[in-house]
Amino acid sequence: MRESSQNAIIEIRNLSKSFGALTVLRDINLTVPKGGVVALIGPSGSGKSTLLRCLNLLVVPDGGSVSVNGSSFAFGPGKRLPGDRALSAFRARTGMVFQHFNLFPHMTAAQNVMEGPLTVLKQPRAQARAEALTLLEKVGLAEKADVYPAFLSGGQKQRIAIARALAMKPDVMLFDEVTSALDPELVGEVLAVMRGLADEGMTMIIVTHEIAFARDVGDRVVFMRDGLIVEEGPPEQVIANPVHAATRSFLSHFNR
Amino acid sequence: MYQWDFDVIYTYREVLAVGLLNTLYYTVACIVGGLLVGLVEAFARLSPLRIVRLPTHFLVEIFRCTPLLVILIWFYYALPVLLGIQISALTAGMLALSLYGGAFYCEIIRAGIISIESGQREAAQALGMRRADTMRRIILPQALRRMVPPLMNQSILQLKNTSLVSVLALPDLIYQGQLVTHETYRPLEVYTTVAVIYFAILFPATLLVQQLERRLDVKG
């Protein structure tokens, strides 16, 4: 059953999650190989974001297991919830970028990027600063290093948020609708950074409504609805020739 | 027609000066005490443990919903009987003022902390930051900026609240004023002077808070 997981970096088994009476995830199974880029698409409320949040345990699943690069957690009755230390160590290995950036407003761009390495990895300040500048360079914002987030555009904020996540040298990167809060003309600069990461071989799970981007950059597309994975496969199949009626109906809202 | 005579104030200036110094001393003591109480209560009220959260909430509400004058008298007269120990007027007064002020400080601190968007905590957690680091590095620095103006306003109230300790015969500005009144039979001059002194301290303080509010606002 697990022969396919030889080089898997992310393994999700039988994952389930409910918020009160509302079931958001039902028996989700997903394997991502190292360097894989998975685009998670689906209508609002389909559970995509919750699934992503379960991967770094910002949301604690009710059942099943999550494994990222060898560290795994199982959930369910009788399973103890991981403690603060274990959770933090696990989360440090996954980078996450949020829809609303969530930059720290009391810190400059560089300080935002340095925060993880300083506080979590206990890096010396000079080294953290040097690495932060390199990352800001990489996302094209070296000149904004000492600027506070309030003075940056949405696209710039999101690129800094990506740099902040990368500063932890994560095994995988999770993107949660990172262009949904952006003005249309700013979407491209963020997608370009993400495309660059994919080209470098970063393992990525991308929750997105950018269907064209999902098709171009994703090597696998997963369509979710009502907490279930309805269909998954290479983009040319799921996006160009979806098998399921639900997928077709969802994709009919987009220009492909 | 009443003949105002402020000469008596000058004659008794040292008596009033002692009162002013004591008022300032009580104020500092009950601000520091109140902040400490408020800080502990705020974190207790934010605790995930019901057994910590609920009793603290109850304690805070007791002090928020009882007049300070009643609390002061109760601490001086009833608490010693209850505990079977002696409490000086100073201890009772400072304890009452600190716990009373602390209840309000607690709510200010708690409100400041929970006003920080959940995305901030999530971003810190996603980086792998531990709970204490998240509070110390991310939540508190932002919350503090929002708390400072209301904390200062509450501290101004603390100064005014100290005027009630005179009922326990603590020699604050009001109490010393009463002494001067008894000596001179000039209550109008004495209480006018006392009012002017309070105003002269508190008016600049409120201006300072307003200025600070504006400055913190600009920075975002």
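A charge is taken to sit over a ring if NZ of Lys or CZ of Arg is within 6 Å of the ring centre and within 35 degrees of the ring normal. In the predicted model described here, the charged end of A:Arg164 sits over the ring of A:Phe104, 4.5 Å from its centre, and B:Arg13 lies over the face of B:Tyr10, at 4.1 Å from the ring centre. Because the model is predicted, local features need pLDDT of at least 70 and side-chain atom pairs count only at pLDDT 80 or more, whereas totals for chains, interfaces and linings use all residues. Residues are numbered from 1 along each chain as its sequence is written, chains are lettered from A and ligands numbered from 1 in the order in which they are written, and side-chain values use heavy atoms, with hydrogens and water left out.

Over all chains, a search of the whole structure finds 11 aromatic pairs, where rings of Phe, Tyr and Trp (its six-membered ring) pair if their centres lie within 6.5 Å, and planes under 30 degrees apart count as stacked, over 60 as edge-to-face and the rest as tilted. One of these pairs joins B:Trp74 and B:Phe75, which are edge-to-face at 5.7 Å centre to centre with 70° between the planes. B:Trp74 is partly exposed at a relative accessible area of 40%, while B:Phe75 is buried at 7% (buried means under 20% relative accessible area, exposed over 50%, and partly exposed in between, with a 1.4 Å probe and protein chains only). The rings of B:Phe199 and B:Phe203, by contrast, are stacked, with centres 5.1 Å apart and planes at 10°. Both residues lie in helix 9 (residues 187-218) of chain B, 4 residues apart, about one turn of the helix; helices (H or I, at least four residues) and strands (E, at least two) are DSSP runs, numbered from the N terminus. B:Phe199 is exposed, at 54%, and B:Phe203 is partly exposed, at 41%. In chain A, ring pairs link A:Phe223, A:Phe250 and A:Phe254 into a cluster.

B:Phe75 also takes part in the packing of helix 4 on helix 5 of chain B. The axes of helix 4 (residues 68-83) and helix 5 (residues 89-114) of chain B come within 9 Å and cross at roughly 140°, axes being lines fitted to C-alpha atoms, for helices over the stretch in contact, with angles that run from 0 to 180 degrees between N-to-C directions. The two helices are therefore oblique to each other (angles under 35 degrees count as roughly parallel, over 145 as roughly antiparallel, 65 to 115 as roughly perpendicular and the rest as oblique). Residues of helix 4 of chain B in contact (heavy atoms within 4.5 Å) with helix 5 of chain B include B:Leu68, B:Ile71 and B:Leu79.

In chain A, the axes of helix 3 (residues 109-119) and helix 5 (residues 154-166) come within 7 Å and cross at roughly 25°, and these helices are therefore roughly parallel to each other. Their contact is made by A:Ala109, A:Asn112 and A:Val113 of helix 3 and by A:Ile160, A:Ala163 and A:Arg164 of helix 5.

Helix 5 of chain A is also among the elements that cover the buried residues of helix 6 of chain B, together with others including helix 7 (131-161) of chain B. The buried residues of helix 6 (residues 118-126) of chain B are B:Gly119, B:Gln120, B:Glu122, B:Ala123, B:Ala124 and B:Ala126.
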